[in-house]
Amino acid sequence: MAGPFTDNDAVKFEQSVKDFEDKTGIDIQYEGSKEFEASISIRIDGGNPPDIVDFPQPGLLATFAAKGKAIDVSTFLDMEKLKKNYNQSWLDMAMMDSPSGKIMAGVWGRVNGKSLVWYPKKAFEEAGYKIPTTWDELLALSEEIKKDGDAPWCVGIESGAATGWPMTDWIEETMLRTTSLENYDKWVKGELKFDSPEVRNAIEKVAEIWFTDGYVYGGRQAIATTFFGDAPKPMFDNPPKCWLHKQGNFITTFFPEGLTAGVDYDFFYFPPIDPAYGKPVLVAGDIYAMFNDRPEVRAVMEYFTTGASVEGWVRAGGAISPHLDSSLDWYSNEVDRGVAEIILNATSVRFDGSDLMPGAVGAGSFWKSMTSYVSGAIDLDTALRDIDASWPK
Amino acid sequence: MKNRFWQIITILMVAALVLAACAQPTAAPTQPPASAGGSFLDRAFAGEFKGTVGGHNGRPLHRQRCGQV
């Protein structure tokens, strides 16, 4: 097997499959690399693929599926069992184009949730604020905090060469809450233009918060120059200088030291906007794909469709299981358990759209143009036209 | 002449051995017999499959070319 897990993650992965190895006699040899994206392409394109590869970005797997390199796992997995053990969205996201048509190019393992709004719990409760469950309630809370004299939102999108990516997450969130999954999927494939009513509407929802006077700590001008990891820190000043921060579950590593989850901070689900689109969750995660077909490889792939395959990792912390046969009791901390609950209760899940788009857009013009738009250097019309023009022909 | 004879015999034997080695993986079944019950996972837990699922592709039953390590 090959993948991007190294150091602690590699150890946790190996521990999580040890029980399977002991019981079956199948030896899973894992090889992690920090240069995974480059090295795996050389191996697969060179005709020497590992048996199984863990892809943190399904877009990369899609390129191999399109070349006919990935094995269609639906040819040997029981689809009824899969439907019982995954939200349908995970199965949909595993379907990819191949020379012989659509195939199920892999199965999902460890995942992360992004649709989370963090807040300083103790101060929040002392101030009498309530967790919003709808978009209108979120705006009402923002207004309430502003009237109390503070900025409701902590926002920062500076990230060196990747500056802008947190805004793309926000837009993906509002897309999922204002239009259909079909439109979201078309958008990430380039079949729905950025300069479309759907994408404009999603960006305007973000602007409703980001560009309203007094809603963002430091104001609109500070967003593009505030490091994303520093953005939530004013939440923990005494008293807080801002109160709400939307980010994935990894952000806690940037919180000041000494804080306790569930005491000093907590999070809630980024609320729905239009009830017609349910309670979607934006995710990232790892999809396992198979490149050599032997019975023991099939058995390992099938194992990865079960919660048991990540139970050890979940218990050790740092992994969330998308499997419906997983138990919330496995989670060793409140944050992981809460994120898992949100993902398991989602009406739909979709992968980070910018990670699915071609690099020139998803890791290029989308970040850049949105940053210029936020800083006021260009207007929305120009930003959208520039992104559309950058899409590879 | 005698040496020539043994040279030819040796070459033929080596060729036969190489061909046998190359043929072996493809002779193995890519799937267990259809009569075997249960999923691949069930059968793995029953100890039916052993081997290594590796970071280096040693002996895949599909796509293996003779000489590939």
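**View 1. Val117(A) has Lys246(A) as its bridge partner in E10(A).** The model shown here and in the views that follow is predicted. Strand E8 (residues 116-119) of chain A and strand E10 (residues 242-246) of chain A are joined by two bridges and run antiparallel. Both strands belong to an open sheet of four strands in chain A, ordered E9-E10-E8-E11, with mixed pairing. Strand E9 (151-153) and strand E11 (266-269) of chain A are the edge strands, each pairing on one side only. From one strand to the next, the twist averages 25°.

**View 2. Helix H9 (residues 165-178) of chain A packs against helix H17 (residues 359-375) of chain A.** The angle between the two helices is about 90°, and their axes are 8 Å apart. Angles of 65 to 115 degrees count as roughly perpendicular, and H9(A) and H17(A) are therefore described as roughly perpendicular to each other. On the H9(A) side, the residues that meet H17(A) are Trp165(A), Met167(A) and Thr168(A). H17(A) meets them with Phe366(A), Trp367(A), Met370(A) and Val374(A). Sorted by class, the contact of H9(A) with H17(A) has six nonpolar residues, one polar residue and no charged residues.

**View 3. Arg110(A) is buried in strand E7 (residues 107-113) of chain A.** A residue counts as buried if 20 or more other C-beta atoms lie within 10 Å of its own; Arg110(A) is classed as buried because it has 26 C-beta neighbours inside 10 Å. Leaving aside neighbours within four places in sequence, Arg110(A) is in contact with Gly285(A), Asp286(A), Val310(A), Trp313(A), Ala319(A) and Ile320(A). Thr306(A) is 196 residues from Arg110(A) in sequence, but the C-alpha atoms of these two residues are 11 Å apart in space.

**View 4. Domain 1 of chain A and domain 2 of chain A each give 10 residues to their contact.** Domain 1 of chain A covers 2-111 + 283-344, and domain 2 of chain A covers 116-279 + 354-390. Their C-alpha centres lie 29 Å apart. On the side of domain 1 of chain A that touches domain 2 of chain A, helix H4 (58-66) and helix H15 (334-344) of chain A each supply at least two residues. H15(A) provides the largest share of that side, five residues. The class count for the side of domain 1 of chain A that touches domain 2 of chain A is five nonpolar, four polar and one charged.

**View 5. Chain B and chain A meet in a contact of 22 residues from chain B and 29 residues from chain A.** Helix H2 (40-45) and strand E1 (51-53) of chain B are the elements that give two or more residues to the side of chain B that touches chain A. H2(B) gives the most to this side, with four residues. By class, the side of chain B that touches chain A has nine nonpolar, 11 polar and two charged residues.

**View 6. Strand E2 (residues 26-28) of chain A pairs with E1(B).** The two strands pair in the parallel sense, over three bridges. Within this pairing, Ile28(A) stands opposite Val53(B) in E1(B). E1(B) is also one of the elements that give two or more residues to the side of chain B that touches chain A.

Methods. Residues are numbered from 1 along each chain as its sequence is written. Chains are lettered from A and ligands numbered from 1 in the order in which they are written. This is a predicted model: local features need pLDDT of at least 70, side-chain atom pairs count only at pLDDT 80 or more; totals for chains, interfaces and linings use all residues. Two residues are in contact if their C-beta atoms, placed from the backbone, lie within 7 Å. Ala, Val, Leu, Ile, Met, Phe, Trp, Tyr, Cys and Pro count as nonpolar, Asp, Glu, Lys and Arg as charged, and the others, Gly among them, as polar. Two strands pair if DSSP finds at least two bridges between them. Domain bounds come from an automatic or database domain assignment. Axes are lines fitted to C-alpha atoms, for helices over the stretch in contact, and angles run from 0 to 180 degrees between N-to-C directions. Angles under 35 degrees count as roughly parallel, over 145 as roughly antiparallel, 65 to 115 as roughly perpendicular and the rest as oblique. A residue is buried if 20 or more other C-beta atoms lie within 10 Å of its own, exposed if 12 or fewer, and partly exposed in between; C-beta atoms are placed from the backbone.
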